[in-house]
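Dear colleague,

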Amino acid sequence: MMKISLNMQILLGALGGILLGLGLVMLGMDSPISQNGLYIASLISTLFIDLLKMILVPLVFTSIVVGVANLRAHHQINRVWQITLVFFASTMALAVILGLTVANLFRPGEGLEIAMFKDAMQDFEVKQMSLGEFFAHFLHSLFLNPIAALAQGDILAIVIFALLLGIAMVVGGERYHNILILMKEFLELILMLVSWIMRFAPLGIMALLLQLIVTQDITLLTTLLKFVVIVIGTTLFHGLIILPLILYLTTGMTPLRFWKGGREALITAFATSSSAATMPITMRCVEQHLHVKSDVAGFVVPLGTTINMDGTALYEAIAALFIANLVGIELDITQQLIVFFTAMLAAIGAPGIPSAGMVTMIMVLQSVGLPAEAVAILLPIDRLLDTFRTMVNVEGDMIGSLVVQKWIRSP
């Protein structure tokens, strides 16, 4: 019997999870089979996510330290920095512009009865934060006690500390050569653990998608159908057309070849709704399937997981105009420019965890005077929309690593 590849196992697991979820929905949630099935799926999915989180922090830390050290050794760090940041900023800007354009054309939220959401808005309490307060909090989160950051899994602070440590080790030269060798061996060890965890991925993804199907409120999705369709359609347009076009024009790689190489990471991102939890698999796909050098991948992917959020930025732009239409407020060009910049800043500040965009969404709403409590309207449907935007976030990280590798090789 022909052995089924891990890539195909993950795809089959995803399809199986969707079909099983639909089956449980048809049986009804009162059925003992549905209740037991959902409980078992919860156990399996929690175990899978916990395994990914277990290796996330050491993987981020070691990959960035080793990546920076290797790039500095090749005298390419400045070029990599520049290309990486320009690429991430450009694609996020394109995503926000696309989101604002589509929201202005289709105007989701107009004519929708807001009375059905009043109870949710009244019961929802939110900590309001001005743009200045958010920026100060964001800067403070960059530089934390590294031991505390490692223990708490604060990815942004870990990235900053790892960048500084990697640069310091290279500046120190041969004096710290043994530490660099130790870091490289530790990274290889972590990647071995990733390969072991990947054997469990088809079952974990099946369980996650089963839960997603069973727990969605169909009535609410029907009511907000126009908004849901616009967000998903626009997000997929960015992920299926704009990003692959940039990849093809830059590297010559066809979209089909890219999707075949990155399929494991894209499906995992869809199932987990977490670019951070997906990062070990993203690294595996980028290095093993898409053949990006480890020094480039070790720098671009962890940094992208932290600050590159195309799907999140696009969603927050559309959601801001959706809520404005819902409450009867017309945003002028100046206010939409404010939404443009705050959506990008908020997306950069959003951690790569499920529904993190809801936290920073509040800042976008407040920047143009919209009620922060309106976030309650989005919460019930956010889990579904989060799957698509996380998949695009991860796709941007992988394409970014390919683009950076191509440009640093160019004369």
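Predicted model: local features only at pLDDT ≥ 70, side-chain atom pairs only at ≥ 80, totals over all residues.

Residues are numbered from 1 along each chain as its sequence is written, and side-chain values use heavy atoms, with hydrogens and water left out.

Taking a salt bridge as a side-chain nitrogen of Lys or Arg within 4 Å of a carboxyl oxygen of Asp or Glu, the count comes to 4. One of them joins the side chains of Glu330 and Arg107, at 2.9 Å from N to O; this pair links distant parts of the chain, 223 residues apart. Glu330 counts as exposed because its relative accessibility is 55%, where exposed means over 50% relative accessible area, buried under 20% and partly exposed in between (1.4 Å probe, protein chains only).

Arg284 and Glu264 also meet through their side chains in a salt bridge, at 3.1 Å from N to O. Here Arg284 is buried, at 15% relative accessibility, and Glu264 is likewise buried, with a relative accessible area of 2%.

In a further salt bridge, the closest N and O atoms of Arg389 and Asp382 are 2.7 Å apart, and both residues are buried. Salt bridges with shared partners join Asp382, Asp386 and Arg389 into one network.

Finally, among the buried residues of α9 are Ile205, Leu208 and Leu212, helices being DSSP runs (H or I, at least four residues) numbered from the N terminus.

Best regards

Methods: Helix = DSSP H or I, 4+ residues; strand = E, 2+ residues; numbered from the N terminus.
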